[in-house]
Amino acid sequence: MISGEEERMDAAGIPYMIRPGKGPEGSVLDLLGQLIGSGGADALLLPFRVPSGDSFAWIMFSDVSLLKDAVPFPATMPVQGGRALRSLTRKEKGKLRIIALMRPCEIRAGMELSKLGQVNTENLILASYDCPGAVKLEDYVADPVSCDSAHSEMRSRGEPSGNARSACSTCVDFSMVDADIHFGYFGIKDGGMLVLPGSPAGRALLEGLNLEEGRGLLPQWEAEISRLAERRAATREETFRETAERISGFDGMLATFSNCIGCHNCQSACPICYCRLCYFDSEVSRTDPEALITAAEKRGGISIPPDRIMFHTGRLAHMSLSCVSCGQCSDACPVSIPVADVFSFVAERTQRAFDYKSGRSDGEALPLRRFLKNELDGVHEMVKDAESEASPNE
Amino acid sequence: MRAKVGVYICECGPNIAEKVDIDGIIAGLSEFDGFGETELVVKKYGFLCSKSGREFLEEEIRNLGLTHLVIGACSPRDHDSTFKGVCGRTDLNPYLYRIINIREHCSWVIDDVEKATEKAESYLRGGIARVLRQSELFENPIDVNPDVLVIGGGVAGMQAALSLAAEDRRVSIVERSDRLGGRALELSGLSSGTFRGSDIAAGQVESVMGNPYIDVFLNTGVSSVIGFLGNFVIELLSDEDGATTEISSGAIIAATGCAVYDPSLSGSYNYSDRDDVYNPLEISRMLSSEGGVALRSGGRPENIALVHCAGRDELNYCSGICCGVMMKTALLLKESIPGVDITEFYRDICVPPHEGRQLYESVLEAGVDLVRVESAGLSGTTVSFREKSGVEDQRSFDMVVTAPALIPSPDTADIALLLGIPLDDTGFFQEAHRMTDPSGTTTDGVFIAGTSQGPRGILDSMRFARASAGLILTRLIIGEKLVPEVAVSEILEAYCTGCGNCLEVCVYGAIYSDGSKGVSVVNEAICRGCGNCFGSCPSGALRTKHFTNTQLYREVDEALR
């Protein structure tokens, strides 16, 4: 959102700042407490550490005294925030006006779910923050203490490192997205923080708080975000290149997904997969035993149960246009398949084909619901490009 | 019960028999044991679609007690309904039959007999596999609704309504403004001689208001349209109090009229409200007012310029009626202001054959100065122009009358969207076919008339209105039954997540959202079974009867065995 900064300010108002002192985490909690206190919202939705200490859970609450135990910037993302928003507003707008603090990718998932009729944003105030990335769930469960300190290091440097998830190292949407309020702290010295309104609703809430004007901090924050974005974009390029090679052709897909155990965890953890019953778990998608026998006769033998690749390619066909590359699928995979690398790579291309970017404001129409005369112009060229990308030696 | 599938292969004279080894297929299928307990009867026949062929099939179904029927023949577009009819005359449900196209797909397109035969046989195997998974469906004919909705109460809309009402059809006219009559009434000042368009319009208004078969809704728009020929449900929205009225009709005529281009929008016509620049409608109003034609300053104009073709370059079409209107305007101005000098700047003369020629001669006789130009522009009431010879000049006048193009009325695009009909590249309603079906549209049951389909005069608007009314009278016959599609879509509530994909892709408006349950619901009376929704549903909650996944997958699997 850096390039559109002036436009954004016109629409949403001037940025505020919070002086160093409590550090970004303390400042965010403080401000959220003030918002509840001022009557701007009825409740908060924030991550809390679970009793066992090795994970986090979304808690919705209105008792401000609980705030001190919240973890605004958790090291991991066990449940994607988009799913939490969906649980609250699945049928109609929520009765309570809730402020939810989430990673940018969680808010982007919420935007996609809103377009898909699964989240109603009318009574939600969405707040995002500069996200350094999340630590792999597997690593965190094994050693929460050292992962916490690694994540704290990531926050101060603004960069994923070591045990960060691949999806985070390749993420370029880690800062301001289409949220109502954004907390920017990357690159701001001594633990100060910017509070940026992102919508008229966000502006209205912040205007009531008597905050200090923060335009002066914008340049250092913007410079740091661009610097970090460039670095992550380079990692993204590199990962995409490797992925393109790895999944090229049917054999490539087969090799990538050959140890898939068919648990469908990737689909359960995915914030975009919103179906009550996944098509690939339903009776209609199951291959008729007769057809299996026919196929076995014809080919000499088949893998049982069938359709392992079909599940993943089918899921790509169903959700890649809305995929926000949050990486939940990889975190959920018990056999360490780099699912998110493949899905991000494909999603980037399918979205490009329709000139669409997932996660932007919920006013934008989903590509498969609108019909434009020339929308598939150039797809042929894209396919050719992808082919030559996949086999650079030719 | 053990299934007994009858497979009948049509020779289609030499069409199929010459390129497909039918006896080979019969032998192959008879030996084939891939269908388990199912008994197959495989036979051939010369022309299955002939009377004797159909009787043969009926006897076979009855005498052999067939439970399913597969026909290997031509395209379903040719004879699907023929064989459905055969089933209908027996006890076999028509949805337990399947036609397989081995003519267009095999014998006509493959030269090699062996290959054509192999393909035909695999298609037939697929057909057998599919038909075994088909289910009985039952048709439920409903009465057609013979009533008609007319959108727009101008001369075209009123003419259509009167023609229909004369044949005892109930018609509803929806009119956005507060009166019937449309633009024709504004032309009273320009009407002359025995044919007066405004008089005709006024007469129509009287007839419509007194007609017991016609209901008129003034100050009203259309807010939603669902359904198809014989069965539309329309929601009307009152502009006055926002109240909605639901009406049903069997057909719709859109006659939403046109608007007049504003020449000051083009770069070459520069004038303001203070200048004496008018269009023919404004002149018409002056002519029929007490004060007659006068300048803003109060005096009579001594000389008037008539500038044709305002907007022709910008809009890139000729409205076709303006030349006649301008000539009439010239004559009436001459008559109304004794001694006035009139100059017409024209590019081409476009007038209809009979009246046009007389009009042209009258204009010459009346002493109107006709100047042929390549282009003309205005600066106030000064006309600058380039003659055909290339000479550029400018002349000042007391008054200028422009001939602006007719453009679509502002509602046209919205109405087109509601009715699901396209616009042509000038923004008017597009006909189904300009020559062969100029009153129909791409949506069955929706017709167009008048200037909503392009610029035209009062007489032509009325002609097209009569044509639309006539088409409806022959298509929508009182007492005839309509068989709604039975192979419709359904949504399994337990699986639906209410994402709304299907709602967006349904072209018939047959799906609605049940907000309280958070699911989408199909209105089976409106669904035509096109399958768009089926393709858009990621969760398998949608099913299109007669085209289920199981049926399609098994057909493909077996064909590719």
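Where is the place of Pro305(A) in chain A? Pro305(A) lies in the loop between helix 12 and helix 13 (308–319) of chain A. Here are some notes to read alongside the structure.

1. **Before you start.** This is a predicted model, in which local features need pLDDT of at least 70 and side-chain atom pairs count only at pLDDT 80 or more, while totals for chains, interfaces and linings use all residues. Residues are numbered from 1 along each chain as its sequence is written, with chains lettered from A and ligands numbered from 1 in the order in which they are written.

2. **A cis bond in chain A.** The peptide bond joining Ile304(A) to Pro305(A) is cis, with omega at about -10°. As background, most peptide bonds are trans, and most residues other than glycine have a negative phi.

3. **Two residues with positive phi.** Ser325(A) is not a glycine, yet its phi is positive, about 55°. You will find Ser325(A) in the loop between helix 13 and helix 14 (328–332) of chain A. Ser325(A) counts as buried, with 25 C-beta neighbours inside 10 Å. In chain B, Cys309(B) also has a positive phi, about 60°, and is not a glycine. Cys309(B) sits in strand 16 (residues 303–310) of chain B and is buried, with 24 other C-beta atoms within 10 Å. The cut-offs are these: a residue is buried if 20 or more other C-beta atoms lie within 10 Å of its own, exposed if 12 or fewer, and partly exposed in between, with C-beta atoms placed from the backbone. Helices (H or I, at least four residues) and strands (E, at least two) are DSSP runs, numbered from the N terminus.

4. **The domains of chain A.** Chain A is divided into domain 1 (5–235) and domain 2 (238–390); such bounds come from an automatic or database domain assignment. Taken over C-alpha atoms, the centres of the two domains are 29 Å apart. The contact involves 28 residues of domain 1 of chain A and 23 residues of domain 2 of chain A, where two residues are in contact if their C-beta atoms, placed from the backbone, lie within 7 Å. On the domain 1 side, helix 4 of chain A gives the largest share, eight residues. That side has twelve nonpolar, eight polar and eight charged residues. For these classes, Ala, Val, Leu, Ile, Met, Phe, Trp, Tyr, Cys and Pro count as nonpolar, Asp, Glu, Lys and Arg as charged, and the others, Gly among them, as polar.

5. **Helices 3 and 4 of chain A.** Helix 3 (residues 81–89) and helix 4 (residues 104–115) of chain A pack at an angle of about 45°, with their axes 7 Å apart. That makes helix 3 of chain A oblique to helix 4 of chain A. Axes are lines fitted to C-alpha atoms, for helices over the stretch in contact, and angles run from 0 to 180 degrees between N-to-C directions. Angles under 35 degrees count as roughly parallel, over 145 as roughly antiparallel, 65 to 115 as roughly perpendicular and the rest as oblique. From helix 3 of chain A, Gly81(A), Gly82(A), Leu85(A) and Arg86(A) meet Glu106(A), Ala109(A), Gly110(A) and Leu113(A) of helix 4 of chain A. By class, the residues of this contact are three nonpolar, three polar and two charged.

6. **Helices 9 and 11 of chain B.** The axes of helix 9 (residues 280–288) and helix 11 (residues 322–336) of chain B come within 11 Å and cross at roughly 30°. That makes helix 9 of chain B roughly parallel to helix 11 of chain B. Pro280(B), Ile283(B) and Leu287(B) of helix 9 of chain B meet residues of helix 11 of chain B, including Val325(B) and Met326(B).

7. **One lysine to look up.** Lys334(B) belongs to helix 11 of chain B. Lys334(B) is partly exposed, with 19 other C-beta atoms within 10 Å. Not counting residues up to four places away in sequence, Lys334(B) touches Val340(B), Ile342(B) and Ala366(B).

8. **Where the chains meet.** In the contact between the chains, 22 residues of chain A are in contact with 19 residues of chain B. Helix 12 (residues 289–299) of chain A gives the largest share of the chain A side, three residues.
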